[in-house]
Amino acid sequence: MIAEAGHYALALALALALVQSIVPVIGARLGDPRLMGVAASTSIGQFAFVLFAFGVLTTAYVVSDFSVVNVYENSHSAKPLIYKITGVWGNHEGSMLLWVLILALFSALVAIFGTNLPLVLRSLVLAVQGWIASAFYLFILFTSNPFLRIADPPIEGRDLNPVLQDIGLAVHPPLLYLGYVGFSVSFSFAIAALIEGRIGAAWARWVRPWTLLAWVFLTLGIAMGSYWAYYELGWGGWWFWDPVENASLMPWLAGTALLHSAVVMEKRNALKVWTILLAILTFSLSLLGTFLVRSGVLTSVHTFASDPTRGVFILAILCVFIGGSLALYAWRAPSLTQGGLFAPISREGALVLNNLLLTTACATVFVGTLYPLVLETLTSEKISVGAPFFNLTFGPLFVPLLLAVPFGPLLAWKRGDLLAAAQRLMFAGLCALLALALLMAWTGAGAVLAPLAIALAVFVIVGAMSDLIEKTGALRLAPQISLRRAAGLPRSTWGTAFAHAGLGVALLGIVCETTWNSERIAAIKPGDVVAVAGYQVKLENVVQRQGPNYREQVARFSILRDGQPIATLSPSKRAFSARGSSTTEAALLTRGLSQLYISLGDQSADGSISVRLYYKPLVVLIWFGAVMMAFGGLLSLSDRRLRVGAPKPARPARSLQPAE
Amino acid sequence: MSLWFVLALMTAAAVFAVLWPLGRSPRLRGGDEAAIYKDQLAEIARDQSAGLISAEDAAAAELEISRRLLSSAKADSDVPAASHLYVRRTVAVLALVGLPLLAGALYLRQGSPTLEDVPLAARATVPPASASLETLVAQVETHLEKNPKDGRGWEVLAPVLLKLGRADDAVRAWRNSLQYNGETAARRADLGEAIAAAAGGVITAEANTEFEHALALDPNEVKARHFTAVAAQQDGRSEQARAIWRDMLTKAPENAPWRPLVVRALAQLGGVAPELPGDVAAASKDMTPTQRAEMIGGMVERLATRLKQNGDDVEGWLRLVRAYLVLGQTDKAKQAIADARQATGNSPDRLRALNDALKDLGLEG
């Protein structure tokens with residue numbers, strides 16, 4: 001009975017989403033506040049029903065109700081409780097339900113917290129959210145219904161894909177979806193602005209928290225997915241330029257551009273039309289990502305099931321929303337008022353440069369991801385566009401971007417002074433040169449690129465800090481005064497510094513890991529010792545263990561440094577009989593910011609077992625940098641103050657910095 | 001609480017979500033742009049007093065924002081506020097009628113309102129006798145999952161898995177049985193059989209190895225010998241296959257249960273079973289016509305059942321059709337032809353072979 005109620009709740013949610021799509025638009029046309037008020041109550045109601053449906057499905061998983069097909073196909077009674085719950089979205093139907101749940105959540109949040117919005121704008125935003133929601137409810141109910149039942153339920157389920165039986169599944173998809181779907185709010189604001197034909201600095205102020213929120217979640221979601229792939233797939237890699245990863249990177253790049261151009265719009269009332277386009281593009285890329293992953297066009301661990309009708313349905317959704325929004329843009333954008341003017345060397349100019357580089361990088365990834373697919377469809381010729389392509393195209397685009405990052409916050413609005421900014425970055429530049437010299441001396445001119453890249457990372461980090469030092473006067477003024485100034489500094493300034501420094505930190509991790517990681521592959525027997533990067537790794541024994549729903553072969557390694565044992569690592573291989581498949585559980589030892597990584601291979605007939613050992617210097621920085629970026633985003637989000645970009649008069653005023 | 005009651009309550013809540021704002025007197029109109037710009041002006045004043053921006057910067061910013069404030073006030077004033085009773089009533093009626101209808105139709109399309117929830121905890125009480133074979137297999141599998149060293153369990157499970165068509169799992173089960181129960185010729189032969197079944201009936205090199213192992217342990221292991229002959233037949237070494245089968249029949253006791261199978265296999269290769277007093281054909285000589293008809297009927301039925309489970313065997317279908325024709329059961333023969341076409345329909349090659357052979361039999365092509 002509960003399962004059926006969940007099914008019905010989903011149908012009701014669709015019905016409410018349809019009301020939400022139509023009535024507020026009529027209300028906005030007629031100027032009737034009561035009709036427009038329907039938007040808020042229906043989106044809250046819709047959220048309540050889809051939350052109920054999601055709760056019902058979760059309950060079915062928890063109690064192992066195999067009369068629900070979805071539970072039977074993806075769960076197993078012996079699975080630990082946490083994986084029963086995460087298994088809800090570890091499959092196609094459930095993950096789509098999570099998708100609409102988050103969409104409804106954002107609509108409800110706009111309805112509840114958007115009371116400062118003009119009624120017309122809020123109604124239109126919610127109506128557009130309703131369009132998206134209706135499309136996805138239809139998709140779920142017609143092609144991917146998670147509430148189908150079996151009259152004669154089997155006694156045991158088929159279990160979840162073992163690779164997904166990991167804590168990563170509890171974190172990565174919800175975060176990623178919060179990011180993907182969060183950009184729907186920016187999209188809806190953009191469409192609403194186009195329909196209404198009004199746009200200005202206030203619009204940017206209203207849309208800011210939503211974009212930031214989505215961006216923070218997307219950043220964390222991507223970082224978490226990367227870390228999960230790193231420790232679960234057993235290859236020690238953290239980014240594979242896999243189409244599915246690219247599908248999440250593209251909205252991130254576009255979203256980062258959107259974040260920056262929205263700042264220009266809020267503070268200076270400029271770049272308005274471009275910001276609208278970015279908002280549309282960002283969510284379109286999110287939809288494209290959903291399509292690539294969910295339609296079965298790509299085969300990977302993310303593709304739970306491929307069914308042509310689903311692919312066609314999502315493709316239709318994609319065409320309607322992307323095509324429709326771009327057509328609306330082409331029609332309405334010329335009628336929007338243009339914004340203010342600014343000199344090329346100014347904060348605005350720096351942000352335009354940021355936008356240009358980010359969108360170009362995004363386009364590069366787009367081409368690299370879609371070209372092989374299109375080629376295969378047209379000529380059935382299979383090519384693979386992998387790391388070399390992206391390293392050659394993406395890398396050169398990011399170098400100027402990173403070089404420009406520290407300059408941005410130091411330039412004044414409207415009319416900046418590049419020389420003055422460069423002077424303030426002198427210290428950061430010196431630090432970078434020092435790092436370069438030291439590294440060159442240490443590596444003996446072996447690798448040239450790595451020291452240069454590290455110098456760049458140091459420049460970005462110290463540059464971000466110089467901005468803070470400059471604004472608080474930390475080195476010039478008395479400590480008490482600079483502390484007071486630090487406290488008085490807008491949190492968004494802190495956020496900018498953290499996010500920019502995070503970028504440098506991540507770069508540092510990436511360069512060190514790729515340049516100096518050591519790898520050993522060996523077949524060893526108990527008692528053997530393998531050395532990697534100054535550590536001795538001794539295989540103590542190999543034992544079989546019985547888990548709740550798997551058997552595992554656990555190898556116990558002692559890690560020695562200079563003959564002294566410092567830790568024990570136990571990587572394992574798990575065999576899941578319900579699916580007849582196995583997973584590799586790598587073991588990681590974090591020492592400072594570096595990691596020792598052991599993953600097991602196959603056991604051969606003579607009792608020796610093949611192991612892969614990696615030593616990855618500073619690898620933790622990659623994810624730490626991403627978390628720093630997200631933290632910066634949160635800081636900025638917590639800053640509820642209004643942003644004003646005081647324009648710099650033509651006469652240079654050197655005394656004080658403009659406020660953020 | 002019945003399901004319908006719950007659904008009705010939910011519908012009422014959904015309808016209420018639409019009707020409520022329609023009936024309420026309109027609230028204040030939410031925020032507007034002007035409020036943002038006024039706040040921005042206040043912010044500039046604050047920043048200036050905190051010493052974050054200079055006086056001239058502040059003045060320039062104030063000028064810009066005031067300009068925006070003016071233009072927004074102009075835009076806000078030309079939005080008419082109106083009330084449209086007729087439209088509101090239409091929306092209300094649509095919500096009241098359309099919402100339940102739409103949701104109900106969507107739900108009933110795939111919903112199963114008569115099915116109860118079946119959480120696992122509620123199902124452990126089902127008595128074993130009434131449990132289906134698959135349920136029992138699942139229970140044994142769960143047991144073995146936790147006690148993988150229970151050799152007897154694997155031994156019992158393996159043949160059942162093979163019967164259920166889960167040949168891959170049967171292979172694994174036999175391997176485990178071999179590991180925990182020790183090696184015997186019979187287990188080796190069973191493993192080989194399962195491997196062959198997993199390969200769609202083809203005696204692969206892997207399967208053959210198992211049969212060789214079995215024969216090394218016991219040269220007279222029947223199953224291993226039979227499958228060695230089948231392997232020979234599949235390789236085109238018909239003479240060798242015939243020799244093995246003939247030898248098996250010669251050595252076998254009269255009442256060996258596998259005798260008919262081997263005789264049939266031999267007959268299929270065009271070989272004649274060695275004349276033995278205990279031969280099936282000979283036995284049938286002493287039967288009354290009724291008994292003989294029963295025996296033949298039984299054989300035909302067995303063939304039909306086998307083909308129902310595995311319809312890929314074109315030769316088998318032809319034999320079945322021929323048998324029905326000989327028995328004078330034309331209806332059943334026609335039915336068998338239809339079944340055969342359906343069963344082989346997914347493979348054009350087999351279907352063509354079947355049609356050609358039927359033509360040869362003088363039946364419709």
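Me: In which helix of chain A is A:Ser123 found?

Reply: In this predicted model, A:Ser123 belongs to helix 6 of chain A, which covers residues 119-143.

Me: Is A:Ser123 buried or exposed?

Reply: A residue counts as buried when its relative accessible area is under 20%. A:Ser123 has a relative accessibility of 1%, so it is buried.

Me: Which residues does A:Ser123 touch, not counting those up to four places away in sequence?

Reply: Leaving out such sequence neighbours, A:Ser123 touches A:Pro24, A:Met36 and A:Ala39.

Me: How is the size of an interface often given?

Reply: It is often expressed as the accessible area lost when the parts come together. Here, chain B and chain A bury about 6800 Å² between them, and 62% of that area is on carbon and sulfur atoms. In terms of residues, 78 of chain B are in contact with 84 of chain A.

Me: How many salt bridges does the rule find across the interface of chain B and chain A?

Reply: The rule finds 3 salt bridges there. A:Arg268 forms a salt bridge with B:Glu64, and their closest N and O atoms are 2.5 Å apart.

Me: Which helices of chain B each supply at least two residues of the side that touches chain A?

Reply: They are helix 1 (3-23), helix 2 (33-49), helix 3 (55-77), helix 4 (85-110) and helix 5 (133-146). Helix 1 of chain B gives the largest share, 13 residues.

Me: How do the residues on that side of chain B divide into nonpolar, polar and charged?

Reply: The side of chain B that touches chain A has 40 nonpolar, 16 polar and 22 charged residues.

Methods
Residues numbered from 1 in each chain as written. Chains lettered and ligands numbered in written order. Predicted model: local features only at pLDDT ≥ 70, side-chain atom pairs only at ≥ 80, totals over all residues. Heavy atoms only, no water. Contact = heavy atoms within 4.5 Å. Buried area = accessible area lost by both parts, 1.4 Å probe. Salt bridge = Lys/Arg side-chain N within 4 Å of Asp/Glu carboxyl O. Helix = DSSP H or I, 4+ residues; strand = E, 2+ residues; numbered from the N terminus. Nonpolar A, V, L, I, M, F, W, Y, C, P; charged D, E, K, R; others polar. Buried < 20%, exposed > 50% of the residue type's maximum accessible area, 1.4 Å probe, protein only.
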